[in-house]
Amino acid sequence: EESEVRFCALRWATSLFDFEHCPSRYICMLGASDTKLDIREMSLEGLHLHKSESPVVGLKYPKLQMMLDYILQQQPKLLQSTEIGDQNLIFPSNTYVAMIKYLLKCFESELEQSKSSDRSSEFLSSVKTFCLLLEHSMSFEGSVDLHVNASKALLIIGSHMPEVLASHYVPKVSWLKQLLSHVDWDTRECVARLLGIVSSGLPVATSAAIVSELSSLFSQTHKPRFETQHGALCAIGYISADILCRTSMPELLLQNTLRCLIDVVKSETSVLAAVAMQALGHIGLRVAIPPVDDSNSDGILTALHDKLSKIISGDDIKAIQKIAISIGHICVNETSPAQLDMALNLIFGLSRSKVEDVLFAAGEALSFLWGGVPVTADIILKTNYTSLSMASNFLMGDLNSSVSNQYPNGRNEYGEDYHASIRDAITKKLFDALLYSSRKEERCAGTVWLVSLIKYCGHHPTIQRMLPEIQEAFSHLIGEQNELTQELASQGMSIVYDLGDESMKKSLVNALLVEDTEVFQEGALGESASGGKLNTYKELCNLANEMGQPDLIYKFMDLANYQASLNSKRGAAFGFSKIAKQAGDVLKPHLRSLIPRLVRYQYDPDKNVQLSTITDGKS
């Protein structure tokens with residue numbers, strides 16, 4: 001009971017033994033729920049789960065089976081669970097959370113080391129044992145945080161091994177359906193997605209019966225509680241999409257399902273309406289949504305236009321985001337010009353929004369309308385996918401690892417020609433109305449949307465042909481006073497350069513150097529948060545010319561990092577840290593001239609420049 005004794009035990013456990021030593025990691029799991037803060041923090045550090053801790057490259061985790069075997073030797077009851085969730089938890093919730101997170105790291109580490117064809121029976125057995133432990137963790141006594149982590153862990157397993165998860169949970173569908181009414185939003189969404197994955201292992205008739213059962217909840221005289229409605233709507237979308245992926249859905253069931261979702265959008269609050277739209281979007285990823293019988297052959301967006309316009313013009317940010325992205329999903333397989341135009345009008349209605357998250361969601365929707373996005377319906381529906389921006393690490397990391405580069409031909413199931421007129425309409429709206437608008441919020445929206453398009457659809461032939469015009473637009477916007485517009489324009493110019501072939505890169509560099517006097521005049525990049533002119537940016541660009549590497553101007557323009565785009569106040573010098581990563585050997589011959597300048601910038605009167613340059617020096 002002496003905290004000093006526990007502290008010493010943990011200190012020795014983490015210091016004496018390597019990271020693959022199971023008993024010492026188990027001690028760390030136990031310490032994660034200690035009453036003393038310093039012991040809890042040391043435990044998380046011992047498991048490398050501390051939030052502030054940067055990821056360690058080359059860290060070796062124990063095999064999943066070895067770690068599970070050791071834990072179960074200590075507590076065999078960890079695999080006990082009941083369908084109604086009344087089993088007793090053996091540890092405090094925080095210990096379970098640490099255990100799940102660490103075991104998930106072991107799972108992912110082992111997954112990376114073995115190709116899908118080489119996965120041993122031992123590994124498959126250990127995954128099923130892990131699933132049993134996660135089921136045990138979903139006990140009623142567990143905290144919300146524990147349930148969220150357990151359900152997300154199941155979803156991650158399902159993302160990598162859908163067949164294993166489906167076969168394991170086909171007999172336990174009724175348990176998953178109960179969890180659709182869980183008190184926590186994230187847990188309900190995870191369980192709905194899990195049901196979509198498990199549905200692939202069920203007969204079509206059984207999956208259809210589940211959809212009918214969930215839809216019937218909304219025709220009752222007394223509506224169930226909010227959590228039940230939300231979980232049911234999420235599951236209807238995922239399971240219906242799974243049925244449509246395998247076979248054509250019975251016409252009557254499809255019509256009833258669509259009518260149920262449309263009625264929810266029309267009659268419910270913005271929160272449930274947005275979730276129903278999300279479900280419609282998931283169905284739209286699989287098939288073009290047909291008109292509902294009683295809507296006089298009008299398309300679904302025509303039928304819902306008034307309600308959607310009302311929500312989009314409101315102030316429920318999360319609902320607006322969901323609806324914008326769902327409109328993009330609905331249009332993936334849509335061929336009706338009237339419906340596609342309706343979708344564009346709804347999204348363009350957000351062009352004066354001052355909420356960054358809404359603008360990024362609208363940018364994703366436009367990318368789906370444009371075609372050629374680098375994700376498939378299976379990735380969206382059957383993995384732990386959240387959004388294009390998260391999937392591509394948008395505005396974080398290096399451009400060379402951007403999601404576009406994973407699909408060099410830009411070809412996938414969404415590249416049909418019937419979106420050509422939509423691409424023309426988007427181009428016209430961006431270049432004729434938004435990017436050169438007299439309203440700063442419209443210029444900001446145009447910048448966000450154009451960066452989204454080149455990031456997610458950058459290898460599309462139409463984008464490739466437009467690169468010079470896109471660079472010219474970003475050159476114009478880089479002098480904006482609005483911080484987000486300025487930083488995204490800089491990011492956009494870096495992406496444009498990376499997207500071009502060698503001849504295009506040369507012409508882009510030449511065009512930029514011609515415009516140098518206009519673009520990089522003193523103070524043209526606006527002001528930093530402290531009010532100082534961003535002259536450092538101009539100096540760094542001059543440095544690129546002195547080094548005989550004018551194309552490095554683009555590297556200097558890579559100011560964007562997710563935190564930078566939303567929160568950064570550090571000014572233009574931030575961009576140089578990316579150069580060291582991308583240019584590598586190119587910079588070595590010029591270090592003699594470069595290092596004195598960086599040293600001088602570390603003592604710049606502007607504190608923001610000092611901080612940025614310290615980051616540059618580390619790179």
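## Ground rules

Residues are numbered from 1 along each chain as its sequence is written, and side-chain values use heavy atoms, leaving out hydrogens and water. Because the model is predicted, local features need pLDDT of at least 70 and side-chain atom pairs count only at pLDDT 80 or more, while totals for chains, interfaces and linings use all residues.

## The protein as a whole

Let us start with the overall picture. The protein has 33 helices and zero strands; here helices (H or I, at least four residues) and strands (E, at least two) are DSSP runs, numbered from the N terminus. Of its 619 residues, 55% count as buried, where buried means under 20% relative accessible area, exposed over 50%, and partly exposed in between (1.4 Å probe, protein chains only).

The accessible surface of the protein is about 26,600 Å², and carbon and sulfur atoms hold 52% of that. Such areas come from the Shrake-Rupley method with a 1.4 Å probe, and for residues only the protein chains shown count as cover. Among contacts with a separation of 6 or more, 73% link residues 24 or more positions apart, a contact being heavy atoms within 4.5 Å.

An unreviewed UniProt entry places the feature "domain: Proteasome component Ecm29 N-terminal" at residues 2-31. UniProt positions are given in the numbering used here, feature names are shortened, and annotations may be inferred rather than shown by experiment. In the model, residues 2-31 are 80% helix and 0% strand, and their end C-alpha atoms lie 13 Å apart.

Helix 2 (residues 22-31) has seven of its 10 residues buried, so it is largely enclosed by the rest of the structure. Those buried residues are Cys22, Ser24, Arg25, Tyr26, Cys28, Met29 and Gly31. Their cover includes helix 1 (3-16), helix 3 (37-46), helix 4 and helix 5.

## Two helix pairs

Two packed helices are described by the angle between their axes and the distance between the axes. The axes used here are lines fitted to C-alpha atoms, for helices over the stretch in contact, and angles run from 0 to 180 degrees between N-to-C directions. Angles under 35 degrees count as roughly parallel, over 145 as roughly antiparallel, 65 to 115 as roughly perpendicular and the rest as oblique. For residue classes, Ala, Val, Leu, Ile, Met, Phe, Trp, Tyr, Cys and Pro count as nonpolar, Asp, Glu, Lys and Arg as charged, and the others, Gly among them, as polar.

Helix 4 (residues 64-74) and helix 5 (residues 93-113) have axes that come within 9 Å and cross at roughly 150°, which makes helix 4 roughly antiparallel to helix 5. On the helix 4 side, Leu64, Met67, Leu68 and Ile71 meet Met99, Tyr102, Leu103, Cys106, Phe107 and Glu110 of helix 5. This contact between helix 4 and helix 5 has nine nonpolar residues, no polar ones and one charged. For helix 7 (residues 144-160) and helix 8 (residues 162-169), the axes come within 5 Å and cross at roughly 125°, so helix 7 and helix 8 are oblique to each other. Leu154, Ile157, Gly158, Ser159 and His160 of helix 7 touch Pro162, Leu165 and Tyr169 of helix 8. By class, the contact of helix 7 with helix 8 has five nonpolar, three polar and no charged residues.

## Residues in loops

Ala32 sits in the loop between helix 2 and helix 3 and is buried at 7% relative accessibility. Ala32 and Asn94 are 62 residues apart in sequence, yet their C-alpha atoms are 6.0 Å apart. Leaving out residues up to four places away in sequence, Ala32 touches Arg40, Ser43, Leu44, Asn94 and Ala98.

Most residues other than glycine have a negative phi. His48, in the loop between helix 3 and helix 4, has a positive phi of about 55° although it is not a glycine. At 25% relative accessibility, His48 is partly exposed. Asn88, in the loop between helix 4 and helix 5, is exposed at 57% relative accessibility. Beyond its neighbours within four places in sequence, Asn88 contacts His136 and Glu141.

## A buried serine

Finally, a look inside a helix. Ser367 belongs to helix 18 (residues 356-370) and is buried, with a relative accessible area of 0%. Not counting residues up to four places away in sequence, Ser367 touches Val373, Leu388, Ser452, Leu453, Tyr456 and Cys457.
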